[in-house]
Amino acid sequence: MIDNDGPIRSLTLHPNRNLIIHGDDSGALYFRNATTGQLFRKIKAHDGPIRQLTFNSSGNLLLSASEDGEIKIYDFDKDAVVQSMYSPDYAGISFALFSIADGFVYFNSGKKIYKTRSDFAQRVSLFSEEDQPITDAVVSNDRSYFLYSNGKSIKVIRTRTDAVAQELNAGTSKILRMRFVNDSVLAVWCEDGALSFRYF
């Protein structure tokens, strides 16, 4: 679309509003009518490319994360960014997700996974450090489980306890992307082009 400031890096459909939101290389967020594509809101939210967009369980909060290590939370009811956090130590973010009851946020930087309160009032804690960079992560629709890639495998974490529930050997090569198709089916895309579907 010609009204973008840069190439689109992330895109999402609002779960219960007629909205498409996307972020570009310039750090701008665009809010469009999902039926017509008409742009009605644009925010310069980040300085770096926006890597991920995700919602809380009610859909009234949008979490955006940029590659340079910044996370922001946009409140649809207030029509404003209400929380912001940045550190160069977090550069290389590939995911940022709300956890159970939307009270916490998991995010990564390379091989490290961090956890903090969603109001960013708590000190960020190191959740885990893996042996290779984490490429993607998802939460289950009921937010009971947090899943992240670890090479060819997927680690499944119980969000209430942060304990490892299981580890799935899911990939034919390094896992690049994961998405829930519905409540019980997880789509996994690997570096060699293989796409698989797993019941979870």
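This is a predicted model: local features need pLDDT of at least 70, side-chain atom pairs count only at pLDDT 80 or more; totals for chains, interfaces and linings use all residues.
**Figure 1. Strands β1 and β2 run antiparallel and are held together by five bridges.** Strands are DSSP runs of E with at least two residues, numbered from the N terminus, and two of them count as paired if DSSP finds at least two bridges between them. Look for Leu-11, whose bridge partner in β2 is His-22. Residues are numbered from 1 along each chain as its sequence is written, and side-chain values use heavy atoms, with hydrogens and water left out.

**Figure 2. Glu-67 and Arg-9 meet in a salt bridge.** The term stands for a side-chain nitrogen of Lys or Arg within 4 Å of a carboxyl oxygen of Asp or Glu. Here the N to O distance is 2.4 Å. Arg-9 sits in strand β1 (residues 8-13) and Glu-67 in the loop between β6 (61-66) and β7 (70-75), so this pair ties together parts that are 58 residues apart in sequence. Both side chains belong to partly exposed residues, a class that lies between buried (under 20% relative accessible area) and exposed (over 50%), using a 1.4 Å probe and protein chains only. Glu-67 has a relative accessible area of 28%, and Arg-9 has 37%.

**Figure 3. Asp-77 and Arg-17 form another salt bridge.** Their side chains meet at 3.7 Å, N to O. The pair links distant parts of the chain, with Asp-77 in the loop between β7 and β8 (80-86) and Arg-17 in the loop between β1 and β2 (19-24), 60 residues apart. Asp-77 is exposed at 59% relative accessible area, whereas Arg-17 is partly exposed at 35%.

**Figure 4. Arg-41 forms a salt bridge with Asp-79.** The closest N and O atoms are 3.0 Å apart. Arg-41 belongs to strand β4 (residues 39-44) and Asp-79 to the loop between β7 and β8, so the contact ties together parts that are 38 residues apart in sequence. Arg-41 is partly exposed, with 26% relative accessibility, and so is Asp-79, with 39%. Salt bridges that share partners also join Arg-9, Asp-25 and Glu-67 into one network. The structure holds eleven salt bridges.

**Figure 5. Val-181, Trp-189, Leu-195 and Phe-197 make a nonpolar surface patch.** Patch members have over 30% relative accessible area and no salt bridge; nonpolar side chains (Val, Leu, Ile, Met, Phe, Trp, Tyr) are joined within 5 Å, and like charges within 9 Å. Leu-195 is placed in strand β19 (residues 195-199) and is exposed, with a relative accessible area of 53%.

**Figure 6. The chain as a whole has 19 strands and zero helices.** Helices would be DSSP runs of H or I with at least four residues. The C-alpha trace spans about 45 × 40 × 30 Å along its principal axes. Of the 200 residues, 50% count as buried. The chain exposes about 9,600 Å², of which carbon and sulfur atoms supply 48%.

Methods: Accessible areas come from the Shrake-Rupley method with a 1.4 Å probe; for residues, only the protein chains shown count as cover.
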